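These are notes for a colleague who is opening this structure without having seen it before. Please keep the sequence and the model side by side while reading the points.

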Amino acid sequence: MRKQEPSKEYIEYICGLYGDTYDDRIEDSRPPAAGDEYRDPGEDWKPGQVADHKSLAAFQKELKDVGIELSSSKIRKILITGGCWTTERSREIAELFELYTASKDDGGYGFSEDQASKKIAEVLEVSLVTVNVNLPYQNVVYKLENRSKNAIRCARYKERIRNKPEQK
């Protein structure tokens, strides 16, 4: 299985190796900031102790030890897709993405996925890369039952190229 083309099985495999979930609403290893008396530091936070979940860097090292080399952003995106990682930023981006891509009949803006990502980056004043890393895979996850028209077209093109006789 190629890591550039994550299938549903690959995402489940990586999430299985992570073996945990991270939700910053439950676990937050930071103490409340000065004057921030209302912020709950997370039910498992204890002064002087680190968070219980694996950090992305630690998990990246574990993956490398078993021969899987992925960037931390790729790992985060896979974990978000698999439902194993959620942060305030990823939830905020997902909510805006849903709003912007929903049809106007459903109370959304009817933007394409690309337009929505650009608008989110603009509104939140973050890079487009930040937006895309914090969204789950959409149509680029290969080998799903319901493929997009573009995925079907690309598969036919690749098949034609593979079957084309070499020219000398």
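Predicted model: local features only at pLDDT ≥ 70, side-chain atom pairs only at ≥ 80, totals over all residues.

How are α1 and α3 oriented to each other, roughly parallel or roughly perpendicular?

1. Helix α1, which covers residues 8–18, packs with helix α3, which covers residues 72–81, at an angle of about 100 degrees, and their axes lie 9 Å apart. Since angles of 65 to 115 degrees count as roughly perpendicular, α1 and α3 are therefore roughly perpendicular to each other. On the α1 side the contact is made by Tyr-10, Ile-11, Ile-14, Cys-15 and Tyr-18, while α3 supplies Ile-78, Leu-79 and Thr-81. By class, the residues of this contact comprise seven nonpolar and one polar, with no charged residue.

2. For orientation in the whole chain, the protein chain has seven helices and two strands, which follow the pattern α-β-α-α-β-α-α-α-α when read along the sequence. Of the 168 residues in the protein chain, 29% are buried. Among contacts between residues at least 6 apart in sequence, 57% join residues that are at least 24 apart.

3. Helix α2, residues 56–65, deserves a separate look, with Leu-56, Phe-59 and Leu-63 as its buried residues. Seen down the axis of α2, these buried residues fall within an arc of 65 degrees, so they line one face of the helix. On the face turned away from the buried side, α2 carries the exposed residues Ala-57, Lys-61, Lys-64 and Asp-65. After α2 comes Gly-67, whose phi is positive, near 90 degrees.

4. The largest nonpolar core has 18 residues, and those with the most contacts inside it are Ile-14, Leu-70 and Leu-79. The elements that give two or more residues to this core are α1, α2 and α3, and α1 gives the most, with five residues. Leu-79, which also takes part in the contact of α1 with α3, touches Cys-15, Tyr-18, Leu-56, Cys-84 and Trp-85, when residues up to four places away in sequence are not counted.

5. Please also inspect the second core, which is separate and has 10 residues, including Ile-93, Ala-116, Ile-120 and Ala-121.

Key. Residues numbered from 1 in each chain as written. Heavy atoms only, no water. Axes fitted to C-alpha atoms, helices over the stretch in contact; angles between N-to-C directions. Helix = DSSP H or I, 4+ residues; strand = E, 2+ residues; numbered from the N terminus. Parallel < 35°, antiparallel > 145°, perpendicular 65-115°, else oblique. Contact = heavy atoms within 4.5 Å. Nonpolar A, V, L, I, M, F, W, Y, C, P; charged D, E, K, R; others polar. Buried < 20%, exposed > 50% of the residue type's maximum accessible area, 1.4 Å probe, protein only. Arc of directions from axis to C-beta. Core = buried A, V, L, I, M, F, W, Y, C linked by side-chain atoms within 4.5 Å.
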